[in-house]
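Reader: I'd like to go through the charged side chains here. Can we keep it quick?
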Amino acid sequence: MEVLCNRLDRGFQLYQQEFEKKAIDVLRSGWYILGQELASFEQEYAQYIGSSFCVGVASGLDALRIAIYLLGIQAGDEVIVQANTYIASVMGITLNNATPVFVEPDIYNNIDVTQIEKAVSSKTKAIMVVHLYGQAADMDAVMQIAQSHNLKVIEDCAQAHGAEWNGKKVGTFGDIGCFSFYPTKNMGAFGDAGAIVTNNEEYAKTAKIYRNYGSEKRYYNKMVGLNSRMDEIQAGMLRVRLQHINELIEERKKIAEKYIEGLKDTKLELPMVKKGATSVWHQFVVKVYQREAFMDFLANSGIQTLIHYPIPPHLSKAYQYLKIHKGMLPVTESYARKVVSLPMYNGMHEEEISYVIEKILSYGNIIT
Ligand SMILES: *Cc1c(COP(=O)(O)O)cnc(C)c1O
């Protein structure tokens, strides 16, 4: 059997007729950018998340860079962010010429809230929380620290559509929530797309202007902006996906439960969910020493695994200039050596899940 780490075709097949019908409707409409599909998606997504406003943009990275821009964060300002994130979180900060200040993760792979305060300086303007692998971070702790130091909060929800902290969806705690709808995300488009959500009307208004060359009225440009618009066809596809979001989350949860039950007696370090949090299981990430051997064994059994992420942002060439050297963020660096993502996707077959479990159980060399 062959089991890939992700299968976008399966996610498509689940609602194939609805996607195809919507695609044809949009193609025939004669209107392809900034139209009714986007307006409807923005309204429906804001309602789903529980925010007053949603503004669709071209990608998750754009959502982050626009959020930082809206908060007035610029050169000389510092933004606290967890060190084990996908590099886009950090680029959202540095594209605005601000400086990322890294904080180590906790055992749930989210920002270690006990380490945030140490990272606050007189230049700190905001905390960027990343709900990594689909699990909500401890937003009570983050908001308390932010309030006591008068900091803004940006939530990177690119991996956590619908995840909750104490019954409230991520993206609604901070000043601005940022989403990616890249095809591999839990709520994927069929191309690039992203969005910000906020309760602040000014931010939402400015974001709509900023995403469209700084223009509200055609040919009247108030400011220098971006071209960061969500296509009508992607908005239409996302409206279809949104109608099924609860089923999609439930299905991933069931896969995660099967993995946890099936692998509980192995020496693999399994993912844990913090009390108060839910995970929407964007990735099912285990930790293992001698990762290469483990991954090779699975690959030889036809099972693809991936690493999210092998090089932490501070050790990438792009951020050499920050001069944060190897050894300075030991928890993050050890996670980068140990993490492996098992296959996890909507439309995964029962036999595929069992096969992955069976093969891992047959591998006797797990060392922790
Ligand atoms: C995917 C992702 C992004 C970037 O989203 P794009 O749509 O690919 O630009 C940002 N942050 C995190 C945590 C992500 O996983």
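Author: One cut-off to start with: buried means under 20% relative accessible area, exposed means over 50%, and partly exposed lies in between. Also, this is a predicted model.

Reader: Okay. So is Lys264 buried, exposed or partly exposed?
Author: Partly exposed, because its relative accessible area is 48%.

Reader: Which residue does Lys264 pair with?
Author: Glu261. Their side chains form a salt bridge, 2.9 Å from N to O.

Reader: How many salt bridges are there by this rule?
Author: The count is 15.

Reader: Switching topic. What about Lys258?
Author: Lys258 makes a salt bridge with Glu350, and their closest N and O atoms are 2.9 Å apart. That pair also links distant parts of the chain: helix α10 (residues 245–263) holds Lys258, and helix α13 (residues 350–361) holds Glu350. They are 92 residues apart.

Reader: And how accessible are they?
Author: Lys258 is partly exposed at 32% relative accessibility. Glu350 is partly exposed as well, with a relative accessible area of 45%.

Reader: Last one. Which residues are linked in a network?
Author: Lys22, Glu37, Glu44 and Arg239, through salt bridges.

Terms used
Residues are numbered from 1 along each chain as its sequence is written. This is a predicted model: local features need pLDDT of at least 70, side-chain atom pairs count only at pLDDT 80 or more; totals for chains, interfaces and linings use all residues. Side-chain values use heavy atoms; hydrogens and water are left out. A salt bridge is a side-chain nitrogen of Lys or Arg within 4 Å of a carboxyl oxygen of Asp or Glu. Helices (H or I, at least four residues) and strands (E, at least two) are DSSP runs, numbered from the N terminus. Buried means under 20% relative accessible area, exposed over 50%, partly exposed in between (1.4 Å probe, protein chains only).
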